[in-house]
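Please look over the sequence and the 3D structure shown here before reading the notes.

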Amino acid sequence: MNNYCFAGARAYVGSRFQEPADFWVQKGKWVKGPLPDAHRVEAQGCWILPGLSALLVDFQEPIRDDVYTLHDGFEAMHRGGFYSALYESAANPLDDIQKLKAIRDACGKSGLEFHFLGALSVDHAGKSLSEMLELASGGVVGFGDGDRFPTSLRFIRLALEYAGMTGLRCFFQPLETSLMGKGCVHEGHYADAFGIRGIPSQAETIAVHQILELAGWLKVPVHLKQITCRESLSLLRLARDRGIDVTCDVSVNHLLFDDSSLEALDTNMHLRPPLRTAEDRTALWNALSDGTIQAISCAHVPVLPQDKETHFEDAQPGAVSLEIALAALLPEARQRLCGGEEALLTLLVDGPSRVLGLPPRTLAEDQNIPFLLYDPRVERKVQIQDFCGQVHNSPLLGAKIQGKVLGDFFDGSWRPTAQ
Amino acid sequence: MSFLKIRHLLGLRGVCKEDLRLILDTAKQFREILDRPVKKVPSLRGVTVVNLFFENSTRTRISFELAEKRLSADSVNFTSSASSLSKGESLLDTLKNIEAMKIDLVVVRHKGTGVPGFLAAHSDAIIVNAGDGANEHPTQSLLDIFTMEQKFGSMEGRTVTIVGDVRYSRVARSNAWALSTLGAKVRFCGPATLLPRNRDFFEAEGVEFVPDVHDAVSGADAVIALRLQKERQEDSLLPTLREYRNFFGLTPEVLSQAKPGVLIMHPGPINRGVEIDSSVADGSNSVILDQVTNGVAVRMAALYLLSGGHADE
């Protein structure tokens, strides 16, 4: 049966929820009802959402398929309601056209929509430029060096100049390497309390300042990944006032946690960049509200259990979040984000498109757009089984979250989510 | 009778149209001499020229030497590795010592920008720049223009595209200044990392920056491919020679966008398969070897006129 009626659902269309109504689907497309032979799904209180869009995912295959595979990543996206993603591989830098073709072909088999960031430098080493012109002609939508911040300002300048020929945006994780050193938490109260080496906010703000100065000078659009502190936000606002084309994102975990969460020294809280202060977290939510930050990044970094089952400083940084991002953010967004859940959905549906200058994604009648049925009322505890593959490195393990993907329409077929 | 207004040939920036014309028109006469069975004239008999080459050079040095010999000048050659400079002598002391040997004219090539000007300021000899740093290479530009004028008659209204390592090219700079003075339009094309950064300065002189090589050659009357130094890749200015060739190399595919009779030029030496494909370098539109021949005539004209020679009007 190809026709469905999701009775009483609220469709999210063009950044707004519509009033509850029957949502009719014929061969995977939203159509005007009624349809006489439609299968009826009771969906009162549920949402019909366009597929969410994930910023910056890396499923590590083929270099680290011992940790995570593309299939794990596709499944994680499906569970979390994500149907498109901006892929940037840190494990396997896309620094030549053959690697790009290989990963694009592999991801293409999923039926999901993927965009790719090419590497700025060979092996993300910040020494030799990658073949950016060829990568651009191969379809990358921007360039970046993963989580590595080039140590040479001269190299950043040259990379921006070269990338500038393509008109594409350059992505940077602003963490000045020498100030970061071997730090692993925010250099503040908790770093001192536990005697753990810290990473000062200045490691970020100095890098932000460097990138913004170069971007403004060379007139190249840039994106700053995973902003964590309020001083960076001030720099971003000033830069925009100067006409610099800069976008930025904040990660799910930096919206949900601050360094007070380090009390238990849970190694899943070991993140890079580190969790900052409660004041910083408030500033990040406010920056989402006022548009200073354009998107929320999933920063989905799979880490094997054995690499987390050690002492805090020794643990490998990173967290997975695709499977639970929306449910984890919803309660906080209702409290902290201007526009509440609608604004949050806009960020998760359209954020990456805004960064990449792609057309907005919205539900529309007679359009073949993947969409999902989401129940925002389901309260559940995050469990290991919620995560895909062999990893479950989430700081939310054991926490209560609200909401669940009940199923989706994808490739014209209804796929209920496994319970 | 016409004489040059300039005393030295340090560069072409700021050189007036009349002086450029005088050298180019005089070169025509010397070019004819080069086709005679006896290619020698006594124009510079008794004049002593020293060729001071502080940088490696094959064609420019030989071209100057030949020009001097064709003019019957007495010429001596100097290479820095075999000189007192390698023993720590200053540049100025070297010059003063050479000058003390009653030299009339100095042809100098040096990696340092401004060295010819420095020598001109401290010497009574006439200085001819044979290439200083990335600044100027005036005789190369003059021979380029001479070669183009052989086909076009005049450069007025013509479009010349210069492709490649413009930022570090003395040939590109000299051509930009002289071609603009003569009424031609100049286009620069190359990777952003190899183009001048302060474009306003060149744009004020009428130079146009065209990022795509297909657009850059479209409608051009002549295309000059610049030699790509392989060190540019080591300096992180380029990803690979392969990408350079694919996006900025002069290939038959790129030149299919150009006018049918477009002139293909190169100052040499050529990296075949990098900045220019062999089929283009050796093709029917190529005047690369004509440039070499014309170089002798142009240098003869420059040396003759700078030594006080004149052209009959």
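This is a predicted model: local features need pLDDT of at least 70, side-chain atom pairs count only at pLDDT 80 or more; totals for chains, interfaces and linings use all residues.

Residues are numbered from 1 along each chain as its sequence is written, chains are lettered from A and ligands numbered from 1 in the order in which they are written, and side-chain values use heavy atoms, with hydrogens and water left out.

**Strands of chain A**
- Helices (H or I, at least four residues) and strands (E, at least two) are DSSP runs, numbered from the N terminus, and two strands pair if DSSP finds at least two bridges between them.
- Strand 1 (residues 3–13) of chain A runs antiparallel to strand 3 (residues 21–26) of chain A, with 5 bridges; here A9(A) has A21(A) as its bridge partner.
- Strand 3 of chain A also pairs with strand 4 (residues 29–31) of chain A, in the antiparallel sense over 3 bridges, and W24(A) stands opposite V31(A).
- The hairpin of strand 3 and strand 4 of chain A has 2 residues between the strands, and K27(A) takes a positive phi near 50°.

**Sheet of chain B**
- Chain B has an open sheet of 4 strands in the order 2-1-3-4, with parallel pairing.
- Strand 2 (74–79) and strand 4 (126–132) of chain B each have a single partner strand, so one side of each is left without a neighbour in the sheet.
- Strand 1 (residues 48–53) and strand 3 (residues 105–110) of chain B run parallel and are joined by 5 bridges; L52(B) has V108(B) as its bridge partner.

**Contact between the chains**
- The contact (heavy atoms within 4.5 Å) takes 17 residues from chain B and 17 residues from chain A.
- The buried area (accessible area, 1.4 Å probe, that two parts lose on being put together, summed over both) is about 1,400 Å², and carbon and sulfur atoms give 53% of it.
- In chain B, R197(B), S236(B) and E243(B) lose the most area to chain A, together 35% of what that side buries.
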